[in-house]
Amino acid sequence: MASETRPFLKMNGLGNDFVVWDAREKPLRLTGEVIATLGDRTTGIGFDQMITVERSSLGVDAFMRIHNQNGGEVDACGNATRCVGRLLMEEVGKDLVTIETGAGLLHAFAADGARTVTVDMGAPKLDWQDIPLAEEFADTRAIELQIGPIDDPILHTPAAVSMGNPHAIFWVDDIEAYDLERVGPLLEHHPVFPEGANISLAHVFDGNQIRLKVWERGVGLTLACGTAACAVGVAAARDGKTSRKTTIHLPGGPLAIEWRESDGHVLMTGPTEIEFEGEVDLDTLDWRRTNTGDMAPEAEAAS
């Protein structure tokens with residue numbers, strides 16, 4: 001029997017990278033083990049998340065299924081929503097599309113240029129039960145949590161926000177002063193987060209600018225995390241650190257975040273990029289590039 005080969009796109013939003021499958025005509029379900037193998041940056045394609053674009057049961061433009069690099073399925077990924085939004089808008093020739101996700105319906109629309117996309121991420125969840133947290137906190141702007149000695153903790157009292165996935169935000173003076181690769185896994189799996197959490201170090205500077213470093217649940221350190229940027233923008237405004245409009249500076253670049261006062265929704269704007277087209281043999285998991293993406297061939301060859 002001949003092996004099955006499926007085409008894919010490799011995309012990224014500020015370096016937060018994805019393999020995107022179109023499974024609207026031909027369904028595709030991969031095991032967590034296969035996803036983790038393909039996501040390995042040494043032996044596989046390498047990605048932060050795997051995205052499967054499927055038919056929507058609600059009749060909107062598409063359903064987006066999200067798996068982290070470790071194979072676990074999650075409900076939300078802001079940068080991936082921007083990337084899928086771009087693909088759908090280009091496909092149907094519209095400036096606005098609606099994407100069904102595990103976190104609800106999200107609207108993506110073209111911003112400044114065809115490759116820049118804004119996503120309405122909906123309203124944040126701020127109540128402890130909705131984030132969720134394992135115990136009651138009356139004020140989630142600063143929950144009782146610390147790592148390190150009681151009298152001299154390394155990090156403490158993070159803000160907690162859900163943007164379809166749980167986030168803990170530690171306000172610090174220097175995001176590089178902490179070994180997030182070491183403390184991130186400890187905090188991600190802390191008992192106070194029954195579903196795990198994305199862990200952020202954030203520093204406000206120059207008014208409404210925020211530097212951000214993220215340990216992403218099920219992924220690890222990442223160049224960018226869209227839902228984390230949204231959560232940080234909300235937490236900063238909630239605590240009076242910034243206005244409702246912020247620029248979040250991640251290692252991969254900036255995202256514009258607005259926590260809209262009129263309806264409480266969070267808008268995220270940033271660039272998208274198609275890195276290359278490829279195909280995978282689903283039996284052997286061998287893969288190859290078949291075409292370049294947005295990058296010019298000479299730029300790709302030099303990278």
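**A close look at one strand**

Analyst: Lys245 stands opposite Glu258 in β17. This is a predicted model. Lys245 belongs to strand β16, residues 245-250. That strand is our subject.

Start with its faces. Thr246, Ile248 and Leu250 form the covered face of β16. Lys245, Thr247 and His249 form the uncovered one. In a regular strand the side chains alternate between the two faces of the sheet.

Now the neighbours. β16 pairs with β17 (residues 253-259) in the antiparallel sense, over six bridges. A hairpin of two residues joins β16 to β17. β16 also pairs with strand β14, residues 209-216. Here the sense is parallel, and there are three bridges. Ile248 in β16 is the bridge partner of Ile210.

Leu212 leads on to the core. The largest nonpolar core has 52 residues. Ile51 and Leu212 have the most contacts inside it. Helix α4 (residues 226-238) gives this core its largest share, nine residues. A second, separate core has 22 residues, among them Leu133, Ile143, Ile147 and Leu187.

One more element, for contrast in type: helix α1, residues 32-39. Its residues Ile35, Leu38 and Gly39 are buried. They lie on the same side of α1, because they cover an arc of only 100° around the axis. The buried residues of α1 pack against β2, β3, β4 and β19.

Note on methods
Residues numbered from 1 in each chain as written. Predicted model: local features only at pLDDT ≥ 70, side-chain atom pairs only at ≥ 80, totals over all residues. Heavy atoms only, no water. Buried < 20%, exposed > 50% of the residue type's maximum accessible area, 1.4 Å probe, protein only. Helix = DSSP H or I, 4+ residues; strand = E, 2+ residues; numbered from the N terminus. Arc of directions from axis to C-beta. Contact = heavy atoms within 4.5 Å. Core = buried A, V, L, I, M, F, W, Y, C linked by side-chain atoms within 4.5 Å. Pairing = 2+ DSSP bridges.
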